[in-house]
Amino acid sequence: APCRALPIQEAIDSYDWARWLPEVIIGIEEPDEEIAANYVRQAAIEFCKEGRVLQRQIIVELQPGVSTYPVFPYEGERIVGVIAIHTPTGACGCDGAAQTSGYDGAIQWSLDVARNELHLKGAPSKGLVALLVYSAPTEASCAHDVFLYDAFRSDITLGARLYYANAVHFRDRLLMASLPTKDSFDRAI
């Protein structure tokens, strides 16, 4: 058990994936809302992974003799990578790559995103480690952070509409001609 209280994890407001549907299925004959919602989720996941927009701070209290610590993503999300880490010995701003390991000059660290574990080598026996990570919704999530809708609605809608039409309504030539290209979504990310 921690010897002192850790910062309280912020509460996240969420929306259901169905909130996106009016803009995704507009102008499409006989739309399937469940399939369209799945493509909204897919576009949001890709947007979050590539754009690193859904950032979270995770605080871990160091314990004597412990080198592996669990990290807990928010419900309905999974951690994708690390943006920065601050250890008792200093700060490490990670480079632009999808960082899951590094060295801050004294502590060697790695984040196992599959197991949600932080591994530290050479860490002191007390203090706090702060990770700034970026996350993405999971494939099974029923809701998402309000921030995605409020800040990136048009960009994610563009990707979802493109994916949905390409997968389900690819025979509708007028619809397909009206859609932007995948490059447009990539530029938005």
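How much space lies in the second largest pocket? I found about 180 Å³ there, where a pocket is an open set of points on a 1 Å grid over the protein atoms alone, with protein on both sides within 12 Å along at least five of seven lines, and the volume is the space filled by probe spheres set on points joined across faces, edges and corners.

I noted that this is a predicted model, in which local features need pLDDT of at least 70 and side-chain atom pairs count only at pLDDT 80 or more, while totals for chains, interfaces and linings use all residues. Residues are numbered from 1 along each chain as its sequence is written, and side-chain values use heavy atoms, with hydrogens and water left out.

**Pocket lining**

I then looked up the 13 residues that line the second largest pocket (an atom within 4 Å of a point), and those closest to its centre are Ser14, Glu75, Gly76, Ala143 and His144. Strand 10, residues 143-145, gives the most to this lining, with 3 residues; strands are DSSP runs of E with at least two residues, helices runs of H or I with at least four, both numbered from the N terminus. By class I recorded 6 nonpolar, 4 polar and 3 charged residues in the lining, with Asp, Glu, Lys and Arg counted as charged and Gly among the polar ones.

**Whole chain**

I recorded 5 helices and 10 strands for the chain. Of its 189 residues, 38% count as buried, that is, under 20% relative accessible area with a 1.4 Å probe and protein chains only, whereas exposed is over 50% and partly exposed lies in between.

**Nonpolar cores**

Of its 31 residues, Trp20, Val24, Leu148 and Ile156 touch the most other members. Helix 1 (21-25), helix 2 (33-51), strand 9 (128-137) and helix 3 (146-168) each give two or more residues to this core, and helix 3 supplies the largest share, 9 residues. Apart from it lies another core of 17 residues, including Ile58, Val71, Leu120 and Val133.

For Trp20, not counting residues up to four places away in sequence, I listed contacts (heavy atoms within 4.5 Å) with residues including Val40, His144, Leu148 and Ile156.

**Pro180**

Finally I checked Pro180, which lies in the loop between helix 4 (173-178) and helix 5 (182-188). Pro180 is partly exposed, with a relative accessible area of 31%, and, leaving aside neighbours within four places in sequence, is in contact with Leu158 and Leu162. The C-alpha atoms of Pro180 and Leu162 are separated by 7.3 Å, at 18 residues apart along the chain.

Definitions and conventions: On a 1 Å grid over the protein atoms alone, a cavity is a set of points where a 1.4 Å probe fits but cannot get out, and a pocket is an open set with protein on both sides within 12 Å along at least five of seven lines; lining residues have an atom within 4 Å of a point. A nonpolar core is a set of buried Ala, Val, Leu, Ile, Met, Phe, Trp, Tyr and Cys residues joined through side-chain atoms within 4.5 Å.
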